[in-house]
Amino acid sequence: MRYLMAALILVSSSTVLGEPIEDAVKARQGFFTMLSANMGPLSGMVKGELDYDEATATMYGSNIEALSQYGLPMHFPKGSSTDELGEATGAKSKIWTDLEGFKQKFADFQKAAEGAGESVKGGKSNVGPVVQGLGKTCKSCHDEYRVKND
């Protein structure tokens, strides 16, 4: 957890309010890379691609909880959608015409991440509901605010 927080500080230290758009895009892509690095192994445990290990699952779940507390929406300044940046981002311009809806989707993710570190304890069968709940919030946001990759 200490290393995760240090990485978040490092990523965000060069990007603050009023940051250049390219830095904002890099910061949010870094966030999603870190999220994927923790969701992927949990998903692998659910699918049987990785053996369930309680300590490892707890670490990934706790990392996701920590990531959920990060202020990600600040890295979506106006002018950073696919309309302006093309393939450099997957962010639809709808984010800025429905900013409250976008922020609510992130709040839904935060709620789904609450207690993830503890919830995955006790066996592989406990990881599935956590991954499913988190995945549902990710899909919901992607369906509305992210350009689909071909």
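Reader: Does Cys141 count as buried or exposed?
Author: This is a predicted model, where local features need pLDDT of at least 70, side-chain atom pairs count only at pLDDT 80 or more, and totals for chains, interfaces and linings use all residues. Residues are numbered from 1 along each chain as its sequence is written, and side-chain values use heavy atoms, with hydrogens and water left out. The classes rest on relative accessible area with a 1.4 Å probe and protein chains only: under 20% is buried, over 50% exposed, and in between partly exposed. Cys141 has 17% relative accessibility, so it counts as buried.

Reader: How many disulfides does the whole structure have?
Author: A disulfide is taken as a pair of cysteine sulfur atoms within 2.5 Å. The closest cysteine sulfur to that of Cys138 belongs to Cys141 and is 8.1 Å away, so the two are too far apart for a bond. Over the whole structure, the number of disulfides found is zero.

Reader: Which residue's side chain makes a polar contact with the side chain of Ser81?
Author: Ser81 sits in the loop between α3 (54–68) and α4 (82–85); helices are DSSP runs of H or I with at least four residues, strands runs of E with at least two, numbered from the N terminus. Ser81 is buried, at 1% relative accessible area. A polar contact is a pair of N or O atoms within 3.5 Å; within protein, one must be able to donate a hydrogen and the other to accept it, and residues adjacent in sequence count only if both atoms are side-chain atoms. At 2.6 Å, the partner of the Ser81 side chain is the side chain of Glu84.
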